[in-house]
Amino acid sequence: MSDTDASERVNASPAIPRYDRVLLKLSGEVFGGGSVGVDPDVVRGIARQIAPAVRSGIQVAVVVGGGNFFRGAELQQKGMDRARADYIGMLGTVMNCLALQDFLEKEGIDTRVQSAIEMTQVAEPYVPRRAIRHMEKGRVVIFGAGAGMPYFSTDTVSAQRALETKCDAVLVAKNGVDGVYSDDPRKNPDAVKLDVVTHADALARGLKIVDAAAFSLCMDNKLPMVVFGMEGEGNITRALQGEKIGTVVSAS
């Protein structure tokens, strides 16, 4: 296949479906507004973008990272046991879940937080069929505490939760980049943004989209992924409603 054919294959614009059920992956760093802790204005803005999509009938689940509080890998570099550091990071994700829950409910959206680590005073245990039922009733389900086990990133958890709750796609909201590029745009000014790329093409090109385990889960199970930028008014709403935004990573 020629380079021209390959380029056309990667950048062809597929029909963007309207999702029935979708999982949104948000980074913890976004919640902190660039600093440690939770920035209420940022979380309020995220909730206000999720709410219209839910009101339009789209079933939404959310996975939030905990990087605005702790990162297990970084704590390990400072001498902490990796498994214990990862558990600390999981607790950070639950704090973000509760913050998002609060602001979503202020927007009139019913929510449930499900945690992979039991903490019944603030969250339900993670039960996939119960999560599906909540979404069918129009509630946003926010998954916290990662996988409940160390050594698993929230990227991987996002793919796993999406598959187990039968979501149509994983939407990965990025900070500082608006999609997948042919190279790192911060290092290579000639890098080209890709509208669509297949799992196979992304693997062959060595594109860094999400971590390897998450990518493998999506590829093996033909789960589409949309990578888009957080910056921009209404981008989360547009992504949830299936509008053309960012980069679509699909099986074909």
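1. The model is predicted, so to speak for local features a pLDDT of at least 70 is needed, side-chain atom pairs count only at pLDDT 80 or more, and totals for chains, interfaces and linings use all residues. Residues are numbered from 1 along each chain as its sequence is written, and side-chain values use heavy atoms, with hydrogens and water left out.

2. **Overall form.** The chain holds 10 helices and 11 strands; helices (H or I, at least four residues) and strands (E, at least two) are DSSP runs numbered from the N terminus. With 252 residues, a compact globule would have a radius of gyration near 18 Å, and the chain agrees because its own value is 18 Å. That radius is taken over C-alpha atoms, and the globule rule is 2.2 Å times the number of residues to the power 0.38. Along the principal axes, the C-alpha atoms fill a box of roughly 60 × 45 × 35 Å.

3. Of the 252 residues, 49% count as buried (buried means under 20% relative accessible area, exposed over 50%, partly exposed in between, with a 1.4 Å probe and protein chains only). The accessible surface comes to about 12100 Å², and carbon and sulfur atoms account for 49% of that surface; the areas come from the Shrake-Rupley method with a 1.4 Å probe, and for residues only the protein chains shown count as cover. Among contacts between residues at least 6 apart in sequence, 73% join residues at least 24 apart, where contact means heavy atoms within 4.5 Å.

4. **Charges.** The chain has 29 positive and 31 negative charges, and their mean positions are 5 Å apart. Lys and Arg count as positive and Asp and Glu as negative, while His and the chain ends are not counted. Each charge is placed at NZ of Lys, CZ of Arg, CG of Asp or CD of Glu.

5. Nine strands make an open sheet with mixed pairing, in the order E4-E3-E5-E2-E1-E6-E10-E11-E9. Strand E4 (124–125) and strand E9 (196–198) stand at the edges with a single partner strand each, so one side of each has no neighbour in the sheet. Two strands pair if DSSP finds at least two bridges between them.

6. **Strand E2.** E2 (residues 59–64) is mostly covered, with 6 of its 6 residues buried. In a regular strand the side chains alternate between the two faces of the sheet. Here Gln59, Ala61 and Val63 lie on one side and Val60, Val62 and Val64 on the other, and all are buried. E2 runs parallel to strand E1 (residues 21–26), joined by 6 bridges, with Leu23 opposite Ala61. E2 also runs parallel to strand E5 (residues 140–144), this time over 3 bridges, and Val63 stands opposite Phe143.

7. **Strand E10.** This strand too is mostly covered: 5 of its 5 residues are buried. Met225, Val227 and Gly229 point one way, Val226 and Phe228 the other. E10 (residues 225–229) pairs with strand E6 (residues 169–174) in the parallel sense over 5 bridges; Val170 stands opposite Met225, and Val172 has Val227 as its bridge partner. With strand E11 (residues 247–250) the pairing is antiparallel, over 3 bridges, and Val226 is partnered by Val248.

8. **Arg21.** Beyond its neighbours within four places in sequence, Arg21 is in contact with residues including Gln59, Glu136 and Asp168.

9. Thr93 sits in H5 (residues 82–106) and is buried, with a relative accessible area of 3%. Leaving aside neighbours within four places in sequence, Thr93 is in contact with Val64, Gly65, Gly66, Gly144, Ala145, Gly146 and Thr154. Leu104 is also in H5, and is buried at 0% relative accessible area. Not counting residues up to four places away, Leu104 touches Ala47, Ile50, Ile109, Thr111, Val140 and Ile142. Leu104 and Ala202 are 98 residues apart in sequence and 35 Å apart in space, C-alpha to C-alpha.
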